[in-house]
Amino acid sequence: MKRSLEERLKEGTVIAGEGYLFELERRGYLQAGSFVPEVALDNPEALKQTYRDYMNAGSDVVLAFTYNAHREKMRIIGKEDLLEPLNRNAIRLAKEVAKEHPKEEALVAGNISNTNIFNPDDPESKEKVRNIFAEMVKWCKEEGVDFINGETFYYHEEALIALEEITKQGLPAVITFGLMGENILRDGYTVEESCKILSERGALVVGMNCFRGPETMQPYLAAIRNNVDGYVGGLPIPYRTTEEHPTFFNLPDGGCSCHLPTETTFPTALDPLYHNRYELAEWAREAKDTGLNYIGLCCGASPAMLRAVAEAVDVKTINSKYSPDMEKHFLFGTDKTLQEHNLKYRLKA
């Protein structure tokens, strides 16, 4: 029998694989800029394979790819008529893949996120946001998801509206914030204050995702853990953000020799700024030691990176059989049949 999210959290660390947005753009199935997940309708097999790759890399959750698939985004690209079919199909594909897990059926999460139209000074915008969340959560409920992941909020009040709409449908909620460069939510709350309020109002998991790499997210995750009695989640991006440049929106690349089409490396020239898998694994161990319960990676993460994170917190994944093993490598191996003259050349190659 499939355990619920809460049951899994009680028993240990839950791994959550995200990052579909950048991964599918890299694979050629999503347009950078608009970043709307039309892949759920245009290339469903590509989306299923991406779901599968992250699940096999250790994710306990198959997150329905409806990030940015809300009414406002669909209106901007002139495809509002595809809103409901896209949402429902993304969930149905996720459910198909979740059943493939050889040990225990994976959890399926519905997904809502920042709308980019919320304005704290405009009551009409708040009502539009509520309606956007209400219809998406309703479809999630009807399609039978296990919980709702509400993510990348940078306004406390928008996250609260999301939680209220999830709660109305009787579904568990994971609510995570994207903290921008001013190190405070845009309506004045600290992220730990907001997480405490949301946890007290019924969110099963609260925390942070996206925008920040491990170095600039972890101090805030520790503060959330110190202020919240419930479960805490952290899903950083795999890029080397710094105190000077705490988010990936303005990360510089001093080694770039070409002219970029945008003022910054975000979103399509971040490639040289990745953390390697070992750095990400080190963060995962620190996150677990800090008391985080729901651990993963966000935009930019590959399945191999997620597998390293999962293994770092003692989770054996479906694809752990493909984890690095240098024993047979002609330069770096230890197998006794390898050629000595090659092994001695390892630092000259």
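Questions about the model

Q: Is Leu-221 buried or exposed, and what is its relative accessible area?
A: This is a predicted model, so everything here is computed from its atoms. Leu-221 is found in helix α10, residues 214-227. Buried means under 20% relative accessible area. Leu-221 is therefore buried, as its relative accessible area is 0%.

Q: Leaving aside neighbours within four places in sequence, which residues is Leu-221 in contact with?
A: Start with Val-232, which is 11 residues from Leu-221 in sequence and 7.9 Å away in space, C-alpha to C-alpha. With its neighbours within four places set aside, Leu-221 is in contact with Met-208, Gly-233, Gly-234, Trp-283 and Leu-292.

Q: What relative accessible area does Asn-114 have?
A: Asn-114 is found in the loop between β3 (107-113) and α7 (123-143). Not counting residues up to four places away, Asn-114 touches Tyr-67, His-70, Glu-151, Thr-152, Phe-153, Tyr-154 and Glu-158. The cut-off for buried is under 20%, and Asn-114 counts as buried because its relative accessible area is 4%.

Q: Which side chain does that of Asn-114 join in a polar contact of 3.0 Å?
A: A polar contact needs N or O atoms within 3.5 Å. The side chain of Asn-114 has such a contact, at 3.0 Å, with that of Asn-116.

Q: Which residues touch the most other members of the largest nonpolar core?
A: That core has 111 residues. Helix α6 (residues 83-98) gives the most to it, with eight residues. The ones touching the most other members are Tyr-51, Phe-65, Phe-248 and Tyr-294.

Q: What is the angle between the planes of Phe-133 and Phe-153?
A: The count of aromatic pairs comes to 16. One of them is Phe-133 with Phe-153, an edge-to-face pair at 5.9 Å centre to centre. It links distant parts of the chain, with Phe-133 in helix α7 and Phe-153 in strand β4 (residues 147-153), 20 residues apart. Edge-to-face means over 60 degrees, and the angle between these planes is 80°.

Q: How far apart are the end C-alpha atoms of helix α8 (residues 156-168)?
A: Helix α8 has 13 residues, and at 1.5 Å a residue they should span 18 Å. The model agrees with that, as the end C-alpha atoms are apart by 19 Å.

Q: What covers the buried residues of α8?
A: The buried residues of α8 are His-156, Glu-158, Ala-159, Leu-160, Ile-161, Ala-162, Leu-163, Glu-165 and Ile-166. What covers them includes β3, α7, β4, β5 (173-177) and α9 (191-200).

Note on methods:
Residues numbered from 1 in each chain as written. Predicted model: local features only at pLDDT ≥ 70, side-chain atom pairs only at ≥ 80, totals over all residues. Heavy atoms only, no water. Helix = DSSP H or I, 4+ residues; strand = E, 2+ residues; numbered from the N terminus. Buried < 20%, exposed > 50% of the residue type's maximum accessible area, 1.4 Å probe, protein only. Polar contact = N/O pair within 3.5 Å; in protein donor to acceptor, adjacent residues only side chain to side chain. Contact = heavy atoms within 4.5 Å. Core = buried A, V, L, I, M, F, W, Y, C linked by side-chain atoms within 4.5 Å. Phe/Tyr/Trp six-rings, centres within 6.5 Å; stacked < 30°, edge-to-face > 60°. Expected span 1.5 Å × (residues − 1).
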